[in-house]
Amino acid sequence: MKIYAAKDYSDLSRKAANLISAQIIMKPDAVLGLATGSTPVGAYKQLIAWYEEGDLDFSRIRSVNLDEYKGLSGEHDQSYRYFMNHNLFNHVNIRKEDTNVPNGLAEDAEAECVRYNGVIAAMGGIDLQLLGIGGNGHIGFNEPSSVFEKGTHVVTLTEETRQSNARFFASIDEVPTHALTMGVGNIMSARKILLLASGEAKAKAVY
């Protein structure tokens, strides 16, 4: 394990983007595990800037995202597919068909989880998995526990998580109650893991 200290959010974002870009350059057809939330936005902006300068090529990159809200379409402005399109995918030359996010509208959510595990396996696993961490230590939608689901699974969101995400919705009533998320087994199987944490609110979880 290597711990990189950053002087501020901008520095954290640039350091993270450096590590991700190194993976892309070293393996142009790499599989990137991607995360949503406020923490990785700065890194995505830096990657876009380097792409626009001609320093990065995403044309052969494939991606899998950690999670998605159950019940939200990819066009919903609070879905994680929408987030990724607007914060990264629409701004680089990655092929949309090579980007994967769980289908929040799947009629059979359990079957969708099995399908998503198959997608990851078919790509040969994840080369670099980007993670954030919640204030209580959750990763993806995996809450702290003594027992973890290994594969992609459906979770019931805790009230704490729903309250934390309510600021993005018109009201708490609109916050989904369930999500599809990669399991800890999916995450820990990645060849490299890059976890980002920024701000005092994450200090206890990191500790």
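Visitor: Which residues form the aromatic cluster?
Guide: Tyr-69, Tyr-80, Phe-141 and Phe-169 form one cluster. Rings of Phe, Tyr and Trp (its six-membered ring) pair if their centres lie within 6.5 Å; planes under 30 degrees apart count as stacked, over 60 as edge-to-face and the rest as tilted. Keep in mind that this is a predicted model, where local features need pLDDT of at least 70, side-chain atom pairs count only at pLDDT 80 or more, and totals for chains, interfaces and linings use all residues. Residues are numbered from 1 along each chain as its sequence is written, and side-chain values use heavy atoms, with hydrogens and water left out.

Visitor: How many aromatic pairs does that rule give?
Guide: Five. One of them is Tyr-69 with Tyr-80, a tilted pair with 4.9 Å centre to centre and 35° between the planes. Tyr-69 sits in strand S3 (residues 67-69) and Tyr-80 in helix H3 (residues 80-87), so this pair ties together parts eleven residues apart in sequence. Helices (H or I, at least four residues) and strands (E, at least two) are DSSP runs, numbered from the N terminus.

Visitor: Is Tyr-69 buried or exposed?
Guide: Buried, at 1% relative accessibility. The cut-offs are under 20% relative accessible area for buried, over 50% for exposed, and partly exposed in between (1.4 Å probe, protein chains only). Tyr-80 is buried too, at 12%.

Visitor: And what about Tyr-69 with Phe-169?
Guide: Their ring centres are 5.9 Å apart with the planes at 80°, so that pair is edge-to-face. Phe-169 is in the loop between helix H5 (159-165) and strand S7 (178-181), so the pair ties together parts 100 residues apart in sequence. Phe-169 counts as buried, at 9% relative accessibility.

Visitor: OK, switching to charges. How many salt bridges does the structure hold?
Guide: Eight, where a salt bridge means a side-chain nitrogen of Lys or Arg within 4 Å of a carboxyl oxygen of Asp or Glu. Among them is Lys-15 with Asp-11, at 2.8 Å, N to O. Those two are four residues apart in helix H1 (residues 9-26), so about one helical turn separates them.

Visitor: What does Lys-27 form a salt bridge with?
Guide: Asp-127, with the closest N and O atoms 3.0 Å apart. Lys-27 is in the loop between H1 and strand S1 (31-34), and Asp-127 is in the loop between helix H4 (109-122) and S5, 100 residues away. Lys-27 is partly exposed at 30%, whereas Asp-127 is buried at 5%. Together with Arg-191, they are linked in a network of salt bridges.
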